[in-house]
Amino acid sequence: MSTFWYTDNTMLTERGEDYTAFSLFDGTHLFWLGFAVLFIIAICFFYRRSSSGMRRKMEIGLGAAIVFCELFRQCVVIFSGQWLPETLPLHLCSYNIGICMWYGIHPTKLAANILYTLCIPGAAVALLSPSWMMLPIWNFSHIDSELTHILLLTYPIMLVAGGFRPDIRYVPKIIGGLLCLCAVIYPLNVLLGTNFLFITDPYGNAITCVCTSIFGAKLFILGYVILLVIIVFLMHTPFVLINLYKKKHRRCDSLIT
């Protein structure tokens with residue numbers, strides 16, 4: 001089988017656990033980051049200037065493209081004989097794929113807020129610190145991972161560019177749902193020997209490694225939660241301040257009139 005179809009596990013099995021095909025912020029990594037920036041700018045520009053009908057088509061089309069990438073990846077892995085339990089679509093970005101499709105079919109404020117709160121940081125971290133560095137650029141899994149996460153990052157940013165404003169009142173419900181999901185996934189990780197949501201292995205990705213270095217291997221989840229709270233706070237603060245500013249001026253205008 002050509003290395004083009006190799007998954008990360010197959011590549012590491014053949015080349016060794018320490019093998020990497022590219023490194024952080026080298027030419028390959030910067031190429032994809034640059035492509036992501038240009039793609040997001042172009043999509044947001046077009047979406048912002050489009051009619052409501054065209055916006056709906058873009059929401060559906062982008063969601064369908066993300067789902068197609070995931071389904072095609074699953075088919076390739078299965079038919080090439082490389083399927084493993086960790087191939088199951090149970091990571092955070094996999095759930096966000098479903099929410100993108102959900103929003104495309106039936107747009108709701110809850111779905112949009114979930115995408116803003118969880119999809120943006122999740123996809124951004126994946127692109128800035130990819131877990132597929134053992135795969136060369138001319139590899140199906142490499143290309144699919146990059147495109148999927150770029151599309152995931154684009155979707156909620158596109159909605160914000162079109163006028164959507166996140167509501168911090170949804171945050172407790174979103175975080176509560178995520179914690180419930182973790183409670184279900186953790187025993188599944190133990191059973192299958194997987195690391196879905198990166199909550200089992202303290203060295204699962206760059207973020208868990210940082211949390212482990214600060215809090216230790218037994219308490220890295222605590223660092224995970226603290227970091228999530230900080231990120232959510234930073235992401236929502238500008239919109240909270242904007243809303244407070246608008247309310248203050250509306251009161252002033254009503255007093256004047």
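Contact means that heavy atoms lie within 4.5 Å of each other. By that rule, L152 touches I66, C93, N96, I97, C100, C119 and A123, leaving out residues up to four places away in sequence. This is a predicted model, in which local features need pLDDT of at least 70, side-chain atom pairs count only at pLDDT 80 or more, and totals for chains, interfaces and linings use all residues. Residues are numbered from 1 along each chain as its sequence is written, and side-chain values use heavy atoms, with hydrogens and water left out.

**Overall build**

- The chain holds 9 helices and 0 strands. Both are DSSP runs numbered from the N terminus: helices are H or I with at least four residues, strands are E with at least two.
- For 257 residues, a compact globule would have a radius of gyration near 18 Å; the chain has 20 Å, which agrees. The radius is taken over C-alpha atoms, and the globule rule is 2.2 Å times the number of residues to the power 0.38.
- The C-alpha trace spans about 75 × 45 × 35 Å along its principal axes.
- Of the contacts with a separation of 6 or more, 68% are between residues 24 or more positions apart.
- Buried residues make up 39% of the 257 residues. Buried means under 20% relative accessible area, exposed means over 50%, and partly exposed lies in between (1.4 Å probe, protein chains only).

**Nonpolar cores**

- A nonpolar core is a set of buried Ala, Val, Leu, Ile, Met, Phe, Trp, Tyr and Cys residues joined through side-chain atoms within 4.5 Å.
- The largest core has 41 residues; L115, L152, Y155, M158 and L159 touch the most other members.
- Seven helices each supply at least two residues of this core: α2 (27-48), α3 (52-79), α4 (92-105), α5 (109-128), α6 (140-161), α7 (171-192) and α9 (220-256). Helix α5 gives the largest share, 10 residues.
- Apart from this core lies another, of 8 residues, including M11, L12, W132 and L135.
- In soluble globular proteins, nonpolar side chains tend to be buried together.

**N96 in helix α4**

- N96 is found in helix α4. At 0% relative accessibility, N96 is buried.
- Beyond its neighbours within four places in sequence, N96 contacts I114, L115, L118, C119 and L152.

**Cysteines**

- How many disulfides does the count come to? It comes to 0, where a disulfide is a pair of cysteine sulfur atoms within 2.5 Å.
- C93 has its closest cysteine sulfur in C119, 6.4 Å away, so the two are too far apart for a bond. C93 is buried, at 15% relative accessible area.
- C211 is in no disulfide either; the nearest cysteine sulfur, that of C209, is 9.3 Å away. C211 is buried too, at 4%.

**Salt bridges**

- The count comes to 5 salt bridges. Each needs a side-chain nitrogen of Lys or Arg within 4 Å of a carboxyl oxygen of Asp or Glu.
- R15 and E14 meet in one of them (3.4 Å, N to O). R15 is partly exposed at 39%, and E14 is partly exposed at 44%.
- E59 pairs with R56, with the closest N and O atoms 2.5 Å apart. They are 3 residues apart in helix α3, so about one helical turn separates them. E59 is buried at 4%, whereas R56 is partly exposed at 27%.
- D144 pairs with R73 at 4.0 Å between the closest N and O atoms. This pair links distant parts of the chain: D144 is in helix α6 and R73 in helix α3, 71 residues apart. Both are buried.
- E70, R73 and D144 are linked in a network of salt bridges.
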